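Here's a quick briefing to keep open next to the model.

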Amino acid sequence: MKKTVLVTGASAGIGKATAIYLAQNGYTVYGAARRMEKLQELKAYGIKPVELDITKQESAEGCINQILTEAGSIDILVNNAGFGAYGSIEDVSMDDARYQLEVNVVGAMRLTQLVLPNMRENRYGKIVNISSVGGKIVFPLGGWYHATKFALEALSDSLRNEVRGFGIDVIVVEPGATKSEWGNIATDSLMNVSGHTAYKDLATKTHHVFTQLSQTIAEPIVIAKLIKRGIEAIHPKTRYTTNQMASTVLLFLRKILSDKLMDKLIMSQLN
Ligand SMILES: NC(=O)c1ccc[n+]([C@@H]2O[C@H](COP(=O)([O-])OP(=O)(O)OC[C@H]3O[C@@H](n4cnc5c(N)ncnc54)[C@H](OP(=O)(O)O)[C@@H]3O)[C@@H](O)[C@H]2O)c1
């Protein structure tokens, strides 16, 4: 029996690659996002486009109800939709901060709440939360983005032990720098928000690091494969992390270094 998957943020980047890869590997895939025009090309892979703004309860309910009516169940939810609202803590407006949390954290948990009754009833389900290496390591001017990924990591740890008894697995996937629309959205917000303030030097240096990173960036299919590995494992790991060298080294150093040494290391990247 084909499993039904909902991938959020399927109009670009990691979500799009994941939707296509899972459809090519025998899953019934629903790809959701706000930009319906971008989702149309997914139809060629047999993916069913669904309109979704994860910040809106009505839109999320409409999306889930449509899939449940058509497919009968949602076996796997990939909470992938997200973006980076960059800028210093002082400069990011409270409205922008709230919106960042609303998309990356509340939106993902809104969909999780909506799929859980069906998964519990079926005593089967996989919830994949797309966090980030930035859910473990923090760079300045990314405070709100990192806060959303740290929150997603914590919520996943809580949820995992809440739903395990219902036959539901919770899997965290932590990409490193990956080719997508994410980088441009993050650097645009960084420079718009802090490019002309007291933090402009740090913003310019951070922008430079992003530009350098974009040269060693992974293809989104790498993360799509990691997601497939997680959902097909009989006993999935709690976390699947990108094996890009830079991320692996940083995560290892985060484990062994003190906060102050880690600060030195991070700031040395911004000089
Ligand atoms: N790329 C990286 O380097 C990287 C690294 C670590 C983690 N990640 C994480 O990976 C995930 C996917 O990002 P990506 O790199 O693939 O970025 P992307 O290319 O910008 O894709 C983001 C997706 O999220 C959707 N989205 C944004 N706001 C939404 C909303 N309010 N409602 C519904 N959908 C919304 C977008 O669709 P619409 O605009 O059409 O709605 C788009 O499909 C994110 O959670 C990101 O934080 C990315």
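Predicted model: local features only at pLDDT ≥ 70, side-chain atom pairs only at ≥ 80, totals over all residues.

Residues are numbered from 1 along each chain as its sequence is written, and side-chain values use heavy atoms, with hydrogens and water left out. Helices (H or I, at least four residues) and strands (E, at least two) are DSSP runs, numbered from the N terminus.

**Around the ligand**

- There are 31 residues around the ligand, and Ser11, Arg34, Arg35, Tyr145 and Ser180 come nearest; a residue gets in if one of its heavy atoms lies within 4 Å.
- That shell splits into 15 nonpolar, 11 polar and five charged residues. Here Ala, Val, Leu, Ile, Met, Phe, Trp, Tyr, Cys and Pro count as nonpolar, Asp, Glu, Lys and Arg as charged, and the others, Gly among them, as polar.

**Backbone contacts to the ligand**

- Polar contacts here are pairs of N or O atoms within 3.5 Å.
- For Gly82, a polar backbone atom sits 3.4 Å from an oxygen of the ligand.
- On its own the ligand has 890 Å² of accessible area, and the protein covers 96% of that (Shrake-Rupley method, 1.4 Å probe).

**How the helices cross**

- Axes are lines fitted to C-alpha atoms, for helices over the stretch in contact, with angles from 0 to 180 degrees between N-to-C directions.
- A crossing is right-handed if the near helix is turned clockwise from the far one by less than a right angle, and left-handed if anticlockwise.
- The axes of α1 and α8 (residues 220-232) come within 8 Å and cross at roughly 55°, so the two are oblique to each other. α1 passes α8 in a right-handed crossing.
- α3 (residues 57-71) and α4 have axes that come within 10 Å and cross at roughly 30°, which means α3 is roughly parallel to α4. Their crossing is right-handed.
- α4 also pairs with α5: the axes come within 10 Å at roughly 20°, so these helices are roughly parallel. Again, the crossing is right-handed.

**Positive phi**

- Most residues other than glycine have a negative phi.
- Arg123 has a positive phi near 50° and is in the loop between α4 and β5 (125-130).
- Leu141, also not a glycine, has a positive phi of about 75°; look for Leu141 in the loop between β5 and α5.

Key: Polar contact = N/O pair within 3.5 Å; in protein donor to acceptor, adjacent residues only side chain to side chain. Parallel < 35°, antiparallel > 145°, perpendicular 65-115°, else oblique.
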